Amino acid sequence: MAAELYTLDMLRREVAEGSVDTVVLALTDMQGRLQGKRLDAGFFLDVVLEHGTEACNYLLAVDVEMNTVEGYAISSWERGYGDLGMLPDLGTLRRVPWQPGTAMLLADVTWLDGSEVVESPRQILRRQLARLAERGWTAYVGTELEFIVFDDSFEDAWERQYRGLTPANRYNVDYSVLGTSRIEPLLRAIRLGMRDAGMQVESAKGECNPGQHEIAFLYADALTSCDNHVIYKTGAKEIAAQQGKSLTFMAKYNEREGNSCHIHLSLRDEAGHPVFAGDRDGGVSAVFEQFLAGQLTGLRELSCFFAPNVNSYKRYQPGSFAPTAVAWGYDNRTCAMRVVGHGSSLRFENRVPGGDVNPYLAVAAMISAGLHGVEHELEPPPPFAGNAYAAGFEHVPSTLHEAAQLLRGSKLARLGLGEAVVDHYVNAAEVELAAFDAAVTDWERVRGFERM
């Protein structure tokens with residue numbers, strides 16, 4: 001079971017007792033990482049709880065290396081790289097069991113005049129949830145993150161430039177109880193840490209790539225699931241580091257199976273009834289068909305939100321369990337959209353995102369696409385029952401360059417997510433492309449050092 005809900009009164013009591021001395025307040029950046037401050041717990045309670053704190057607005061306008069880059073309307077040298085406000089969301093308050101004396105919570109971000117930072121991932125999702133709420137609907141989401149564990153520490157991996165690392169398992173351990181037992185001390189520490197941080201853990205299992213594993217959590221409302229996702233991702237790395245190991249969520253670490261992040265989504269109405277269930281073929285409703293049709297219509301144009309990095313697109317290989325076909329089917333893992341469950345459990349699974357996805361952006365894009373389908377009463381094609389890799393369907397984008405071009409010209413995205421959001425994340429993609437185009441890779445050295 002999940003840990004008891006951690007409340008502000010509990011925090012006050014534990015600070016007074018001395019068992020908590022640090023509060024982490026974090027926002028989620030464009031890359032889906034936690035950025036923020038470690039605050040003295042007393043200072044948090046006395047000052048930050050009521051007034052919030054500040055952080056440089058470049059946190060939503062830098063690349064992965066934290067370099068200041070051009071092209072963002074909200075943050076630049078010309079604008080002076082000022083501050084934004086971080087307002088604590090007490091609904092995310094929790095203990096951090098893997099860090100002594102520590103509690104944490106997430107922040108919503110505003111400009112210092114109190115206005116919304118519309119490009120912030122958490123705010124982007126909040127706006128899409130508000131659109132659902134106007135119809136009396138609530139989104140429920142589950143994310144399934146895969147990662148690869150190495151016996152090398154993060155520092156050793158860095159020094160070796162991530163070459164020649166030793167995977168925690170030497171062979172495919174998909175569903176293998178023996179294989180997962182080899183690193184059960186780490187998996188158990190992560191599971192129990194997340195449980196005691198308020199998440200409902202379901203299971204852990206091995207995956208196909210050597211050292212690859214997945215820990216699954218119970219679904220929740222969309223915002224809670226995305227909050228849990230980013231906390232889990234950071235926590236898993238921290239716990240691995242404490243055990244002298246490293247792990248990666250990158251979409252495609254090597255030429256074998258990549259790390260996926262399948263996203264399950266369903267809707268309920270104000271009475272808690274499933275919106276997707278109905279009396280049409282397959283036990284689905286008209287809303288389900290329209291919402292699903294919207295996913296297929298918008299998938300290519302919204303791919304930057306599902307696959308945000310150059311590396312993301314290397315997952316999409318035939319026969320890899322990563323989808324290439326813009327198609328849907330019942331329990332068909334060769335399609336981009338896999339429909340599973342029935343009645344109250346009926347949902348669709350978006351198989352396009354990888355482990356590098358920012359969950360707020362991906363879920364926001366899925367909701368926006370679904371609402372586009374509802375608003376235009378779109379109808380999906382018939383479900384596909386065969387091998388979608390070989391069926392000639394339209395292909396998901398093959399490169400970040402293609403995806404960025406599609407997003408730039410997408411009326412669907414601009415209407416559903418907003419001009420500012422689209423321009424911001426098109427620029428993010430172009431920043432990544434420019435960095436990649438300027439890099440000299442190991443592949444080039446191996447091919448060209450002697451033989452060219």
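**From a loop to the interior**

Guide: Gln 161 sits in the loop between helix H4 (154–159) and helix H5 (177–181); helices (H or I, at least four residues) and strands (E, at least two) are DSSP runs, numbered from the N terminus. Bear in mind that this is a predicted model, where local features need pLDDT of at least 70, side-chain atom pairs count only at pLDDT 80 or more, and totals for chains, interfaces and linings use all residues. Residues are numbered from 1 along each chain as its sequence is written, and side-chain values use heavy atoms, with hydrogens and water left out.

Gln 161, not a glycine, has a positive phi of about 55 degrees. Tyr 162 is also in the loop between H4 and H5, and its phi is positive too, near 65 degrees. Gln 161 has a relative accessible area of 46%, so it counts as partly exposed, and Tyr 162, at 41%, is partly exposed as well. (Buried is under 20% relative accessible area, exposed over 50%, partly exposed in between, with a 1.4 Å probe and protein chains only.)

Now head inside, to Ser 225 in helix H7. Ser 225 is buried because its relative accessibility is 7%. Beyond residues up to four places away in sequence, Ser 225 touches Val 141, Gly 142, Tyr 219 and Ala 220, a contact being heavy atoms within 4.5 Å.

A search of the whole structure turns up one cavity of 30 Å³ or more, and the volume of the largest cavity is about 120 Å³. The 13 residues lining the largest cavity include Thr 143, Phe 217, Ser 225, Asn 228 and His 229, which are the closest to its centre. Strand S7 (138–150), strand S9 (212–217) and helix H7 (222–242) each give two or more residues to that lining. By class, the lining has eight nonpolar, five polar and no charged residues. (Here Ala, Val, Leu, Ile, Met, Phe, Trp, Tyr, Cys and Pro are nonpolar, Asp, Glu, Lys and Arg charged, and the others, Gly among them, polar.) As for terms, on a 1 Å grid over the protein atoms alone, a cavity is a set of points where a 1.4 Å probe fits but cannot get out, a pocket is an open set with protein on both sides within 12 Å along at least five of seven lines, and lining residues have an atom within 4 Å of a point. Points are joined across faces, edges and corners, and volume is the space filled by probe spheres set on them.

S7 and S9 turn up again at the second largest pocket, as the elements that give two or more residues to its lining. This pocket holds about 550 Å³ of space. Of its 24 lining residues, Glu 146, Lys 205, Glu 207, His 262 and Arg 333 are the closest to the centre. The largest share, three residues, comes from S9. By class, this lining has five nonpolar, five polar and 14 charged residues.

Gly 142, which Ser 225 touches, has His 264 in S12 as its bridge partner. His 264 in turn is bridged to Glu 349 in S16, where S12 and strand S16 (residues 347–350) run antiparallel, joined by three bridges. Strand S12 (residues 261–268) is mostly covered, with seven of its eight residues buried.

Tyr 232 and Leu 265 touch the most other members of the largest nonpolar core, which has 100 residues. (A nonpolar core is a set of buried Ala, Val, Leu, Ile, Met, Phe, Trp, Tyr and Cys residues joined through side-chain atoms within 4.5 Å.) Helix H10 (residues 359–375) gives the most to this core, eleven residues. Leaving out neighbours within four places in sequence, Tyr 232 contacts Leu 145, Phe 147, Ile 190, Met 194, Met 199, Ile 215 and Phe 217. A second, separate core of 27 residues has Leu 11, Val 23, Ala 103 and Leu 105 among its members.

Key
Two strands pair if DSSP finds at least two bridges between them.
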